[in-house]
Every structure is written in structure tokens, then in C-alpha cells.
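Please look over the sequence and the model below before reading the notes that accompany them. The briefing is meant to be read with the structure open alongside.

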Amino acid sequence: MSKTALLMDFDQALERFDPVLGLEVHVELSTNTKMFCSCSTTFGGEPNTQVCPVCLGLPGALPVVNEKGVEAAIRIGLALNCEIAEWCRFSRKNYFYPDMPKNFQTSQYDEPIAFNGYLDVAVPTDEGVMPFRVLIERAHMEEDTGKALHQGGATGRIHGADYSLLDYNRAGIPLIEIVTKPIVGAGRYAPEVAKAYVAALRELVKSLDVSDVRMDQGSLRCDVNLSLRPTPQDRFGTRTETKNVNSLRSVERAVRYEVQRQAVILTDGGKIIQETRHWHEDTGLTTAGRVKEEAEDYRYFPEPDLVPIAPSREWVEQLRASLPENPALRRARLQAEWGITDHDMASVVNAEALDLVEATIAAGADQAAARKWWLGELSRIANERGLGLEELAITPAHLARIEALIADGALNDKLARSVIEGVLAGEGEVDAVIAGRGLALVSDDGPLLAAIDAALQAQPDVAEKIAAGKLAAAGAVVGAVMKATRGQADAAKVRRLLFERLGVSE
Amino acid sequence: MTDLIKQTARQLSDLLRAGDVSAHEVAVAHLDRIAAVDERVHAFLHVDREYTLARADQVDAKRASGAAMGVLAGVPLALKDVLAMKGQPTTCGSRMLEHWRPPYNATVVERLHAADVVILGKTNMDEFAMGSSTEFSAYGPTHNPWDLDRIPGGSGGGSAASLAAFEAPLAIGTDTGGSIRQPAAVTGTVGVKPTYGAVSRYGLVALASSLDQAGPCARTVEDTALLHMAIAGYDPKDSTSINQPVADMVAAAQRRDLRGMRIGLVKELSGQGFQAGVRQRFEEAVALYTSLGADVVEVSCPSFDYALAAYYLILPSEASSNLAKFDGMRYGLRSGDDGEHSVEQVMGLTRAAGFGPEVIRRIMIGTYALSSGYYDAYYGSAQKVRTLIQRDFNAAFTTCDVLISPTAPTTAFKIGEKLDDPLAMYLNDIATIPVNLAGNCGMSLPIGLAPEDGLPVGLQIIAPINGDDRLYQAGGALEAALHAQWGHHILEEAPAL
């Protein structure tokens with residue numbers, strides 16, 4: 001099984017070799033129905049409940065193209081600055097594997113729907129953020145395969161398994177495969193470029209609302225191709241293809257690992273085998289897949305059961321006009337509008353709170369307050385509950401209302417947290433929660449002054465200390481008042497009233 | 001009582017509508033005929049008497065309720081075993097699917113149900129429709145009712161033989177290179193390959209997707225037209241289906257007026273290699289057309305010389321991919337699953353056990369032709385020939401309304417005669433293949449018996465894409481003139497079974 005390969009120190013490897021990257025990303029579309037039939041695409045159904053004669057490849061069944069899948073492919077192509085084919089076809093990629101019902105995959109071969117594009121990415125380096133343009137070779141449509149669940153083996157892999165169960169729910173779900181041209185010139189930042197590209201692509205596709213782009217659920221999958229050459233002037237070396245790279249962090253690590261592994265082999269005068277390797281998230285290693293005696297011959301030919309796709313130029317232009325703002329440009333625009341630092345913006349993005357913060361500000365909240373709530377309290381709650389921020393039962397409008405009440409002095413932070421708790425618990429809108437929980441701040445001076453007097457009486461030395469200029473002693477009184485009002489007082493106001501009472505100016 | 005099995009579909013329709021017979025009685029008559037003769041003919045692979053009678057009773061009940069009934073309601077039909085029929089065996093003549101029962105209906109079957117046609121059973125065929133004699137059925141050959149020692153054509157020999165043996169008045173065939181027309185020719189029946197896309201392929205187990213087309217078979221041109229109307233039309237489940245109205249084939253069949261029709265005699269399909277008696281009957285038919293007022297001219301389609309070669313690259317290529325799904329994993333035969341063999345080995349053993357020699361031959365040819373490095377020379381070149389053939393047809397149809405040729409080079413040959421000579425077998429389809437490659441339509445109808453062997457000869461009529469009604473006009477008129485000459489249907493001359 002997996003043997004730890006010898007690795008060369010990364011910096012040393014980069015002194016001797018120039019890495020060439022190639023990234024193939026599969027995006028599973030979130031269309032309601034599969035690519036060639038009307039079965040549901042919902043994730044996580046009971047095995048083999050989302051199948052029909054077409055996606056099971058039963059004898060006689062025929063595919064029909066899902067128009068929404070084509071539309072999503074064109075939108076992805078346009079967002080990647082690609083040309084859109086005026087005429088293209090599906091092809092059959094023929095190979096035998098039990099998870100593929102027809103023993104061919106309906107894909108696109110030499111006539112992809114989108115080609116010749118690019119994606120600009122921002123790569124974090126020691127010298128700051130480096131802009132890098134990744135050229136896109138093509139984006140094409142294809143169908144997903146089913147899943148083989150290997151039973152009885154220790155690793156869940158086919159090797160050593162007693163038998164396999166097949167689930168065809170995934171078979172026929174639309175995929176867009178996005179292939180880069182060879183990425184050269186990344187040098188020692190090849191791992192960062194790879195990660196930045198996949199992250200940017202994920203963000204871009206997410207902004208198009210055509211896929212969940214969940215790497216953990218396999219709705220975005222990345223294969224990393226890597227080869228080394230002595231210098232940028234040399235021809236490309238033999239590449240390996242690393243599969244099963246299922247997180248952004250793994251993309252970076254897998255590139256780094258392959259650079260180090262290949263560098264040792266080449267330095268020792270060995271040869272890189274053109275092979276598929278599997279990334280192991282737990283150990284951070286890649287292991288060789290099945291060694292193929294000869295190159296796989298997929299015997300591609302145009303799919304005769306489907307007619308060519310010829311998207312009209314009018315349609316393509318309509319889709320282009322309706323593309324959302326490019327996420328990178330949008331981020332830059334919002335950062336400028338909000339006047340926040342790169343670091344603060346990165347925190348918002350990393351918390352996946354950009355849309356929510358923007359919406360909360362649009363609903364009237366201050367940018368700092370909007371960020372504070374989403375990145376603080378709400379991120380903590382979401383994290384506790386294992387949910388995404390978007391899944392919480394609270395909206396930007398709720399937060400804007402809470403912020404407005406804080407600004408009016410009707411709520412403080414502590415009460416606001418209680419309001420949030422109530423909203424999340426389904427107790428109603430903000431004002432209903434306040435009424436229901438009795439959370440309004442005590443704003444009449446009368447009860448506050450009475451509480452101040454009571455506190456001064458209980459701690460007679462405090463008045464003297466304050467009179468002597470030790471203003472910090474006020475804390476004890478404010479604390480006592482807050483306690484007496486069960487937190488429903490504005491601390492700043494209590495402090496002001498206390499000083500007025502004692503005739504002291506701050 | 002009229003001999004129900006000798007009636008045409010039109011006559012049965014009239015009797016049923018008049019209330020003179022019930023669908024039940026008609027079904028019983030045909031089921032009894034099948035029981036009496038099919039042991040010798042072997043046209044059918046599956047007959048479900050109970051199912052058929054239950055369907056007939058439903059049709060009778062519907063008629064009794066006063067519901068509007070289609071013209072073919074209650075008329076029985078034989079269905080080629082390559083079309084999926086829910087809950088009924090659908091073997092494609094292969095061991096691979098011996099016990100498979102589809103969970104769904106082909107669109108053709110749905111349309112037959114909607115027309116209240118009563119399906120008698122599934123007919124024999126060359127395995128996965130590969131063959132011209134029905135000898136490649138895994139379940140034994142079908143015998144030609146004209147001479148039980150001879151082949152009924154193929155791949156749809158079962159459907160054609162069921163008509164000639166009076167086991168059914170209507171049948172469905174499928175035609176990839178001649179599998180409707182050549183069996184019609186050698187059994188003295190009528191068959192039409194409609195324009196590609198005119199009849200839905202959904203549920204037709206694919207041989208070669210770009211060539212396959214289901215179509216109607218019967219004993220008369222009018223019956224064929226009636227069935228054509230029942231099954232043709234747009235189907236959203238088939239991307240290659242034609243989305244436009246279906247012309248009135250029945251009216252065309254009844255027109256019987258050929259004045260001014262320009263008929264092209266395809267030079268490349270009327271000369272060498274054709275049996276003398278076939279040529280003689282064909283020349284007589286040409287003369288008859290002239291006498292009926294048609295304008296017969298000779299046209300040349302030089303690319304047809306390459307049609308057979310191109311066909312035997314395109315068909316195996318597509319078939320090698322279409323038949324890949326038969327691997328024993330999901331349905332059908334599974335071999336070698338004994339805990340000792342790997343998945344790959346089980347797939348291989350299943351395919352070796354489930355496929356017959358002709359299927360394996362074509363899968364190997366197709367796999368080779370699509371291999372990288374050979375694709376351009378074989379599949380790519382074949383597609384270019386296809387374009388040339390389409391151009392030849394286009395040119396011919398600028399001067400002609402229809403084209404004609406003999407359907408097959410010979411009359412029915414002896415069972416076993418060409419089994420070991422694939423090339424001789426393939427030559428049976430030399431006149432029918434160009435039509436599939438170009439995607440247009442063709443009909444075969446009987447024009448007499450060859451003097452030397454007394455066996456039926458077929459004439460092929462070819463019309464342009466979506467010109468299917470012209471087949472029925474040209475065929476209906478010729479049939480009427482021939483029946484007037486003979487004084488009876490040609491099948492009256494067949495020996496009694």
C-alpha cells in the first residue's frame with residue numbers, strides 16, 4: 001500500500017526545476033433535473049431512487065438535452081471570458097466501468113461549448129498580492145457517473161473489497177469540466193496559484209448560482225496535473241494527474257507534494273511515469289493509481305442520439321448581459337465603499353458573509369456593525385450548530401432593525417444578543433421578540449436614579465472616591481445598577497446620571 | 001364466417017366497426033393460426049395468449065361504451081422483439097436479454113396502445129438486428145412461409161413471415177440497412193422504412209442510432225399506410241424525431257394516379273449481381289409504370305458503389321458503443337459471478353456467453369474502426385461517403401419524384417446457404433443501404449414471382465426526406481395495377497402451410 005515517497009525540500013526543488021500546472025475542475029450543476037432525463041438531482045437520496053430508463057441506460061432509452069444545463073455551461077463559459085461555440089456536439093467517451101450505465105460517458109470531445117478564456121486570480125505571496133492570469137482551454141458539458149460503494153475492504157477502495165454496491169442516483173447529473181491551458185510562470189508560487197485559481201473559480205461559479213460548488217460533497221472536484229522541467233526554456237516534462245483533491249487546502253498541498261516527489265525522482269536520474277495518482281487528505285500523500293499498460297483509447301465519436309447544439313448569438317448575448325458582477329471586482333468595489341482594510345475584507349470573505357453583510361448595510365445598518373454581528377455572534381452560533389450563515393433563521397433586515405434600535409438607545413449589545421436568540425428560536429420579528437421577552441432598555445431616568453441612589457447607599461465609600469477624582473470607582477455603581485435592572489439599562493446613560501447626581505464632571 | 005386471418009387490416013377494421021366481429025374473435029382467430037403454424041414458421045419468440053385476449057376484450061368494451069375508436073382498433077399486430085414492451089419479454093433475439101422484461105414501453109408501443117391495436121406477440125429477428133436472414137437469432141431461424149427451407153429475410157424475418165403466414169395482418173419492423181424492406185421482398189409482403197426521425201426510436205433497442213428506424217409492415221400498401229399513420233409523429237423523448245405534421249399516407253395510397261410522376265431508375269442498383277428473374281420482374285414493373293402514365297428516366301448515383309463499405313464501418317462503430325451496456329451488471333445475462341472472477345472478468349465472460357458470432361464480429365470491427373489512429377481512415381471516411389450519397393440522392397430528386405430498384409438482388413435463399421460467408425450475406429442489402437445512410441425513406445412491395453424459382457420479388461421505391469407519402473402514391477398505384485393483372489393477392493399463390 002501507500003509508501004512514503006522521498007521528498008525534496010520545496011525550495012531546493014524550485015532551484016532545480018520549473019513546475020508546469022494544469023487544472024481540471026468538474027463542477028456539478030444544480031439544475032433540478034439531470035442532463036439527459038428528468039430525474040431529480042437532489043443530493044443524498046436513498047440509493048437508486050432517482051433513476052429512470054434513460055439514466056440507467058436501459059436498452060432502447062434515449063437522451064434529451066437539458067436546456068438549463070446548456071444555459072449554465074454558456075454562462076460559466078462567458079464568466080470565464082470564453083468564446084461560445086456556434087455549433088457543437090456531444091460525443092461518446094467509451095470505456096467499461098460498472099458505475100457507468102451505458103459503458104460510455106456522454107461528453108464533449110473536440111467541439112466544446114466554450115473555449116479560449118481566462119480567469120484573473122490574486123495570489124498571496126511574500127511580496128504581497130500578485131495578480132496572475134490563468135488561461136482557460138475549454139469548458140465542456142458532460143454527465144456524471146454513478147457511485148460504486150466498495151464493501152468489505154478496509155479502505156472503502158475497490159482493492160480488497162468483497163463486493164461493490166452501485167448507486168446510480170448521481171449518474172447523469174450535469175457536469176461542466178473546466179480545463180486550463182498549461183499554467184507556466186508560477187514558479188515557486190505554483191501551489192498558491194493552483195489554490196487561488198480553484199478558489200476564484202469556485203467563487204465565480206457560485207456567483208452564477210449554477211452549482212453548490214461544495215468540494216466536500218463533490219459538487220466541485222479538482223484534478224491536478226503537474227510536471228517539472230529543468231528551466232522555463234525546456235519542453236514540458238511528463239505529467240502526473242492527481243485526483244481526489246477535495247479541498248482548497250489540498251489543492252495547494254497536492255501541488256507542493258508532487259513538486260517535491262517528482263524533483264527527487266528526476267534528480268536521481270529517474271523518469272516520471274504518466275499516471276493517475278490519488279491524494280490522501282489524512283496523510284498528505286499521493287499514491288499511484290492503477291498503472292496502465294498503454295494509453296486509454298476512449299474511441300470518441302459524435303453522439304448519434306443527440307442533435308448538435310447551436311446556441312443563437314442572440315441568446316448568448318442575452319446571457320452575457322445578465323451575468324452577475326464579477327465577484328473579484330465586486331469585492332474591490334465593496335471594500336472601497338466600506339473603507340475597510342484588505343485584512344478586514346478577507347475576514348468577511350472567509351466567513352462567507354459578503355452577501356449578508358452587503359445586504360445588512362443595504363437595509364440601513366452601519367458597515368462596522370454589520371460586519372461585527374455576522375463575523376462575531378452569528379458566525380459563532382452557526383459554527384456551534386454546524387450550519388452556514390445563510391442557513392440561520394435570521395435576515396439582514398432583522399439585523400438592520402436591531403442596529404437601529406441600538407442607535408436609538410432602545411437596546412444594548414447584551415439585549416441585542418437576546419433578541420437574536422429569540423429571532424433564531426422562531427419567536428417572531430425583532431419587535432415581537434423584544435415585547436415577548438420584555439427586553440426594552442429602562443430609559444426613564446426615575447427608576448435609574450432610584451437604582452443609583454440604592455447603590456450609593458449600599459457602597460458609601462464610592463461617592464467619596466469619585467469626589468476625590470477616582471472616576472474608575474463609578475464602575476461599581478454602574479455594575480450594581482445593571483444588575484438591579486437585569487441588564488436592561490444603557491450603561492453609558494447610568495454613568496452620566498451618576499456623575500450628574502454627584503455633581504462631578506467627567 | 002369470413003376467414004378472419006385472410007382479411008386485410010382495412011377489412012378487419014370495417015368488420016369490427018360494423019359490429020360483425022369482435023376484437024376478441026379476431027384475436028382468437030390469429031392466436032389459433034399462430035398455434036397451428038408457428039411451430040413450423042417460428043415467426044414468434046413470445047406469444048402471451050391471455051394478455052392478448054385481455055387487451056382485445058378491453059378494446060371491445062371500449063367500443064361497446066360508445067367511445068370514438070381509431071381505424072385500427074381491435075386489429076392484431078406482430079411486434080418485432082427489438083421494441084421495449086413493459087412487462088413482456090424483449091430479447092432482441094439474443095441470449096443476453098433472455099429473461100429481461102422492460103419496465104417501460106417504447107413510444108411505438110405507446111402509440112399502438114393508444115390506437116387500440118392488439119399486440120399478438122414479439123417476433124423473431126437476427127440478434128440485435130444484425131443479419132439479413134434471421135438465422136442469427138439465438139432462438140433459431142424463422143422459416144419463409146413460401147418455402148420452409150428458405151430464409152424469410154432479416155433482420156425482421158419474424159415480422160415479415162408472420163404476415164406471409166397469415167398469423168398477423170400488421171407488423172412492426174425496424175430497418176437499419178434493409179431489415180424491413182428485404183424481408184418484405186422475399187416474403188411477398190409490403191414494408192416501409194420511413195424517413196429517419198419520422199417514427200420515434202425511444203424504446204427501440206439501438207443497433208446503429210444514426211441508421212435505425214422503426215416502420216410499418218403489412219400485406220397491402222393501404223394497410224401499411226394505416227399503420228404508418230398510427231406510429232409516426234414527433235416524440236419529445238427522441239431528440240432526432242422530426243417535429244412537423246405527418247402527411248396523409250392513406251390518401252396517398254388510395255390516389256392511384258401516376259400521371260406526370262417522374263420515376264428514376266437508379267443505374268447503379270439495377271444491373272450486375274441481380275438474379276435474372278428479379279431483373280425480369282423489375283423490368284416488367286418499369287414497363288407497367290410507364291403504361292400507368294409515369295415518366296421513367298434513368299439516373300446515376302455513382303457514390304452508391306461505396307455505400308456498402310461505408311455502412312459496414314458506420315454500423316459496427318455505433319453498434320460497438322450501443323452494445324457496450326450489455327455487461328451483466330444491471331440486467332440480463334450475467335456469467336462467471338462465482339466469487340472468483342473480477343468485475344472485468346465477469347463483464348468479459350458475460351459478453352462472450354451472451355453475444356452470438358455476428359454480434360461479436362461487428363463489435364470487433366466497430367471497436368477497431370473507432371480506435372485512435374484509425375478513426376479518420378475508417379469512421380471519418382465513411383461519414384464523408386455518407387455525405388456523397390446524400391448529394392447523389394439530392395441530385396436525383398431534382399429530376400425525379402421517386403427512385404426505384406429491385407429491393408434485394410435475389411429471392412429467398414436456402415437456410416444455411418450464406419451463413420459462413422458474411423460478405424455474400426451483406427450483399428443482400430446493397431440496394432437498401434443507401435436509403436439508411438442518407439436518412440430518406442423507402443418501400444418494398446411484391447411485383448411477382450421469379451420464373452426460375454417461383455419465389456416473390458420485391459420492388460423498392462425511394463422518396464426524399466419527408467416524402468413518405470410519395471412511396472404510398474407510387475406503391476398504391478402499382479399494387480392496384482398488379483392486382484388487376486393477377487386477379488388476386490400474390491400470397492394466394494403461396495403453398496398452404
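The points below are grouped by topic, from the overall form of one chain to its contact with the other.

The structure is a predicted model. In chain A, the secondary structure comes to 16 helices and 14 strands, and buried residues make up 39% of its 506 residues.

**Overall form of chain A**

- The C-alpha trace of chain A spans about 95 × 55 × 50 Å along its principal axes.
- The radius of gyration of chain A is 30 Å, whereas a compact globule of 506 residues would have one near 23 Å.

**Helix 3 of chain A**

- Helix 3 of chain A covers residues 190-208, which is 19 residues, and from its first C-alpha to its last it reaches 27 Å, close to the 27 Å expected at 1.5 Å a residue.
- Of the 19 residues in helix 3 of chain A, 14 are buried, and the helix is therefore largely enclosed by the rest of the structure.
- Directly after helix 3 of chain A comes D209(A), which has a positive phi, near 60°.

**Nonpolar cores**

- In soluble globular proteins, nonpolar side chains tend to be buried together.
- The largest nonpolar core here has 238 residues, and the members that touch the most others are V193(A), Y197(A), L77(B) and L83(B).
- Helix 3 of chain A gives the most to this core, with ten residues.
- Another core, of 42 residues, lies apart from the largest one and includes V357(A), W374(A), I406(A) and L411(A).
- L83(B), one of the residues named for the largest core, is in contact with A106(B), V108(B), V109(B), I172(B), G203(B), L204(B) and A214(B), once its neighbours within four places in sequence are left aside.

**A three-stranded sheet in chain A**

- Three strands of chain A form an open sheet in the order 4-3-14, with antiparallel pairing.
- Strand 4 (104-107) and strand 14 (301-302) of chain A stand at the edges of this sheet with a single partner strand each, so one side of each is left without a neighbour in the sheet.
- Strand 3 of chain A, residues 91-94, runs antiparallel to strand 4 of chain A and is joined to it by four bridges.
- Within this pairing, S91(A) has S107(A), in strand 4 of chain A, as its bridge partner.

- C37(A) is located in the loop between strand 1 (18-28) and helix 2 (67-79) of chain A.
- Although C37(A) is in a loop, this residue is buried, because 22 other C-beta atoms lie within 10 Å, where 20 or more are required.
- Not counting residues up to four places away in sequence, C37(A) touches C52(A), V54(A), C55(A) and G172(A).
- For C37(A) and G172(A), the separation is 135 residues in sequence but 7.8 Å in space, taken from C-alpha to C-alpha.

**Contact between chains A and B**

- The contact takes 25 residues from chain A and 33 residues from chain B.
- On the side of chain B that touches chain A, helix 10 (307-322) and helix 11 (343-354) of chain B each supply at least two residues.
- Helix 10 of chain B provides the largest share of that side, which amounts to three residues.
- Sorted by class, the side of chain B that touches chain A has 16 nonpolar, ten polar and seven charged residues.

Key. Residues are numbered from 1 along each chain as its sequence is written. Chains are lettered from A and ligands numbered from 1 in the order in which they are written. This is a predicted model: local features need pLDDT of at least 70, side-chain atom pairs count only at pLDDT 80 or more; totals for chains, interfaces and linings use all residues. The expected span of a helix is 1.5 Å times one less than its number of residues. A residue is buried if 20 or more other C-beta atoms lie within 10 Å of its own, exposed if 12 or fewer, and partly exposed in between; C-beta atoms are placed from the backbone. Two residues are in contact if their C-beta atoms, placed from the backbone, lie within 7 Å. Ala, Val, Leu, Ile, Met, Phe, Trp, Tyr, Cys and Pro count as nonpolar, Asp, Glu, Lys and Arg as charged, and the others, Gly among them, as polar. The radius of gyration is taken over C-alpha atoms; the globule rule is 2.2 Å times the number of residues to the power 0.38. Two strands pair if DSSP finds at least two bridges between them. A nonpolar core is a set of buried Ala, Val, Leu, Ile, Met, Phe, Trp, Tyr and Cys residues joined through C-beta atoms within 7 Å.
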